[in-house]
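Try each task before you read on.

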Amino acid sequence: MRPLFAKVRIGEGTAALAVFAAVALLPVALSFNPYYLSILVSALVLGAVAIAWNVLGGLCGQVSFGHAGFFGVGAYASAVLAMKADLSPVVAMPAAGLLGVLAALLIGLPAFKLRGPYFALAILGFAEILKLVALNLDDVTGGSQGIFGVPPPPPLRLGGLAVEFAVSRTSNYYLAALLLLVVYASAVLLRRSRAGVAMATVHADEEAAAGIGVPVLRTKVLALSVSAFFTALLGAFFAHYVHYLAPDSAFDPSWSIMPIVAALFGGMTTLIGPAVGALAITGLDEFVFKRLFETGHQLFFGLLLAAVIVWAPSGLLGGRIRRPVGRSAA
Amino acid sequence: MVSGTTIVQSLLSGLLEGGDYALYSLGLAFVFGILRIINLAHGEVVVLGGYVAYWLLVKWGVSPLLSLPLAGLAGGAAGLVTYRVFLGRVRQAPELNTLILTFGIHVFIANVFLQLWTGDLRSIEVDLLQRPLSLGPIRASVGELLAFVIAVAAVLGVQLFLSRTRAGRAIRVTAIDRDSAALAGIDVARVDRRAFVIGGVLAGVAGPILGVLTHVSPGTGGPLTVKAFILTVLAGVGSISGLIVAGVILGVGEAMTVTFLSSSLRELFGFVLFLVILLARPSGLFGQKA
């Protein structure tokens with residue numbers, strides 16, 4: 001007998017198409033209300049960071065508790081390059097991504113040499129160290145005062161139409177959406193490449209992977225570098241979007257915690273799941289948790305992480321997507 | 001120019017602080033050594049013990065030394081609940097899952113503290129323990145000396161428990177070879193649970209000491225867990241008495257960093273030390289080669 005509700009299984013591509021269609025149309029549905037748009041921009045940034053986190057976590061099987069470090073490095077690097085070196089944000093943002101890669105190599109090369117949880121713990125401390133560096137490099141970062149007046153991306157001229165990013169929430173929203181698309185498309189391409197297959201192999205069984213000639217260390221470092229590049233890139237966008245940086249906001253531990261919640265909640269075995277998770281938890285946070293508690297509302301996310309791991313390790317989409325990216329978290 | 005007295009003083013402070021670091025790390029090292037679980041909520045359990053002593057002192061004037069057992073009890077209870085509700089259900093799951101799980105519990109408990117008791121830094125202040133003792137120009141407080149003694153006693157106590165008691169041996173055998181232990185009639189699931197609860201008690205007991213020597217706050221736990229892990233790796237996984245040596249290396253190193261370089265670089269020392277061990281001697285000072 002067939003069950004009443006057969007479990008619907010869809011392809012990764014279909015799910016992604018639905019997500020991006022929704023992302024494109026949401027502002028229209030919300031009649032471009034700036035309050036909702038600003039919440040949605042955070043959701044998109046979180047979604048992109050969560051997909052980047054999941055390239056390392058879901059695809060390669062290495063969990064990072066310190067992505068706030070890469071986010072902060074990207075934010076500061078781009079702001080400083082734009083303001084002190086007079087670079088256009090268009091150049092500064094990818095350059096900031098590369099500095100994120102540098103940070104990734106610094107921590108990844110020593111910590112990945114060993115099997116086991118050393119990387120996870122090392123990066124937990126590393127994010128703190130980077131924040132301390134930002135606090136102490138007063139000349140460059142303004143110390144605890146932070147940096148004011150980070151310039152917005154330059155206006156975009158499309159024919160006679162000029163799109164500005166200084167004030168408009170709508171144009172920033174679509175820029176964030178574009179970044180989300182870029183990160184997602186890169187993750188898809190990476191997964192299809194030889195390197196992506198190597199990452200999934202390392203995830204499934206590290207010893208077997210080494211046995212068949214997969215360069216384990218290099219594969220892990222590559223996954224971390226890709227992940228750090230996009231996380232720093234989004235940090236850079238954040239800097240040019242909010243125009244103000246302080247060590248506490250750029251290196252906010254939320255940037256480490258929430259991508260994990262989003263990826264796990266959405267489904268770590270999928271590529272689009274983390275974006276879905278990000279939209280869902282941002283909604284939960286804004287409209288439920290923050291109304292219950294003004295501070296400390298993250299306690300719900302801590303509990304959510306623990307509960308999802310124990311009772312639903314495949315997340316929202318994990319069981320519904322064909323051809324998962326790695327071994328199921330279960 | 002740094003004077004000789006300053007150097008001796010910071011050596012002593014570092015040495016004493018190193019003992020405390022060993023105490024703060026004991027619970028994490030124990031659980032990691034036995035169960036191979038890294039409890040990322042370890043620091044929060046230490047902080048919980050600190051809050052217990054703080055409130056007992058503030059509300060009823062209970063001395064932090066008397067609240068040590070209660071703090072241990074609170075830590076043990078936290079361990080039991082964590083194990084029963086969450087960890088015990090995912091013993092077979094990959095390491096990554098346990099890490100994310102305990103990370104979630106860390107975030108949860110830290111925010112519960114914030115919710116209940118705000119982000120204020122709370123110190124346990126007792127005149128007797130703050131009283132300075134001096135030997136010529138060198139100073140240490142009663143509390144610092146007492147804490148060092150308690151730390152060494154706790155580490156040796158755990159070592160003796162593991163080597164001399166029946167329950168301790170059952171735990172060690174299970175850690176070395178689960179299947180053989182089960183065949184020999186040891187209830188391994190019970191041993192796991194017991195070991196995790198002991199880890200909680202050890203963490204809880206460290207809390208009042210932390211509160212007396214520095215302070216506790218919702219943000220104290222996270223960095224404490226990282227330090228505890230650095231010590232565990234430096235000592236060598238499974239080496240409990242090595243924690244004292246590792247703690248002293250970290251404590252003295254930090255004190256020297258402050259004396260000769262800058263206090264803002266203090267936190268960097270532990271981290272650099274960690275990277276050096278990972279690269280040069282991953283099995284730690286007293287651990288067996290993997």
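Two residues are in contact if their C-beta atoms, placed from the backbone, lie within 7 Å. This is a predicted model: local features need pLDDT of at least 70, side-chain atom pairs count only at pLDDT 80 or more, and totals for chains, interfaces and linings use all residues. Residues are numbered from 1 along each chain as its sequence is written, with chains lettered from A and ligands numbered from 1 in the order in which they are written.

**Exercise 1.** Describe the side of chain B that touches chain A.

Step 1: count. Chain B puts 33 residues in contact with 36 residues of chain A.

Step 2: find the elements. Helices are DSSP runs of H or I, at least four residues, and strands are runs of E, at least two, numbered from the N terminus. α4 (95-117), α10 (221-235) and α12 (266-280) of chain B each give two or more residues. The largest share, 16 residues, comes from α4(B).

Step 3: sort by class. Ala, Val, Leu, Ile, Met, Phe, Trp, Tyr, Cys and Pro count as nonpolar, Asp, Glu, Lys and Arg as charged, and the others, Gly among them, as polar. This side of chain B has 24 nonpolar, six polar and three charged residues.

**Exercise 2.** Which residues of α10(B) and α12(B) meet?

Step 1: take α10(B). Its residues are Lys227(B), Ile230(B), Val233(B) and Leu234(B).

Step 2: take α12(B). Here they meet Gly270(B), Leu273(B), Phe274(B) and Ile277(B).

Step 3: sort the residues of this contact. Six are nonpolar, one is polar and one is charged.
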